[in-house]
Amino acid sequence: MRQIYEVFGQDAHAMTIALMESANIAALIPTGANIALKPNLVVAASPDRGATTHAGVLSGVIEYLQASGQNKISIMEGSWVGDSTQRAFKVCGYDKVSQKYDVPFYDLKEDTVQQVATPAGPISICNRALDTDFLINLPVLKGHCQTQMTCALKNCKGCIPDQEKRHFHSMGLHRPIAALAAALKPELTIVDSICGDLNFEEGGTPIYTNRMILGTDPVQIDAYGCHLMGLDPTDVPYIHLAEEWGAGQASFCNEDIVQVNDPAQGADYPKPSGRVAALTKNVEAASACSACYGNLVRALYQLSQSGSQHSDKIFIGQQFKGQAIDGIGIGSCCSCATQAVKGCPPTADEIIKLLETL
């Protein structure tokens, strides 16, 4: 199936079922398959903040699957470095979904791992992700402070341990994301684009785009996500790298898009504001982890809202570890800076506290 199904509205549960029925997903799944749902629980934040997958997406998938006779279903995820998957599970209302449908949840931060050969070298991947028969990826289409956008391909990063997440950033992020896509290929992707934050991966400035998307090719899904956001796929290097390494095909045309209902509720997709680039113009980043960099961007945003501006150079990232830095250092890797806030990662509040004293 090379088609992308698109539905408009705000009811995540009903929209999810409508997508799966329209695409006849039941016909794609072998009877008795071990099915795993991989949402986005990057942080412990309510989905209406634009960072995490709505609980209605999970309940819609589970209800559809169980009605189709599938009962070996689980939910699995690992939040970003420094946050708690278990807390995010409750904040996002997944505990109620798990209880209602008797579907277990597994925190991948606690899972065993194995190294898998990939085009970018060996990558440690959680065993539950590798052992599933039918992986359903449930990302949020949103902005990202380092890769511009994040959707299907990057969401699989939750299937690796924290140590590997740090390693991804030391490798430059784009290559390992593409390599992971080649090693771990979800059979189905359902994108929550009801209110993704087009600026910040961790949410906080959501924009209601009132739609959801379904497809079987995560590379194509990400290319279409770029199209919606007004980006060229070449602006997000891991998309074409993933295509080159056999994870899927980026191409699509108008005939590939199947609209499940009337798009009158809002077919025009808003574009990213460019706010992150403006906030980070004085930031020198080198292999910075997403949680650390994201908290810095959040701190700079909150300070800008109060009228505070900083012209000092700010350093962040693993490549500065152990180096003497004349300036402001963010995180444990930059603890040798003249002025530094330690932590792995430091919180946005801790960063604000330091910057307000300068």
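Predicted model: local features only at pLDDT ≥ 70, side-chain atom pairs only at ≥ 80, totals over all residues.
In the largest pocket, helix H12 (290-305) and helix H13 (348-356) each contribute at least two residues to the lining, and H12 gives the most, with three residues. The pocket has a volume of about 410 Å³, and its lining consists of 19 residues, among which Val43, Trp80, Asp83, Glu202 and Asn295 lie nearest the centre. By residue class, the lining divides into seven nonpolar, six polar and six charged residues.

Nonpolar side chains tend to be buried together in soluble globular proteins. In the model, the largest nonpolar core contains 49 residues, of which Ile125, Leu141, Met149, Leu153, Leu184, Tyr238 and Ile239 touch the most other members. At least two residues of this core are supplied by each of strand E6 (123-126), helix H6 (152-155), helix H8 (174-183), helix H9 (218-229) and helix H10 (237-244), with the largest share, seven residues, coming from H9.

When residues up to four places away in sequence are not counted, Leu141 touches Met149, Thr150, Cys151, Val191, Asp192, Ser193, Gly196, Gly225, Leu228, Met229 and Tyr269. Apart from the core to which Leu141 belongs, there is a second, separate core of 38 residues, which includes Ala12, Leu58, Leu65 and Phe105.

Conventions:
Residues numbered from 1 in each chain as written. Heavy atoms only, no water. 1 Å grid on protein atoms, 1.4 Å probe; cavity = no way out; pocket = protein on both sides within 12 Å on 5 of 7 lines; lining within 4 Å. Points joined across faces, edges and corners; volume = space filled by probe spheres on them. Helix = DSSP H or I, 4+ residues; strand = E, 2+ residues; numbered from the N terminus. Nonpolar A, V, L, I, M, F, W, Y, C, P; charged D, E, K, R; others polar. Core = buried A, V, L, I, M, F, W, Y, C linked by side-chain atoms within 4.5 Å. Buried < 20%, exposed > 50% of the residue type's maximum accessible area, 1.4 Å probe, protein only. Contact = heavy atoms within 4.5 Å.
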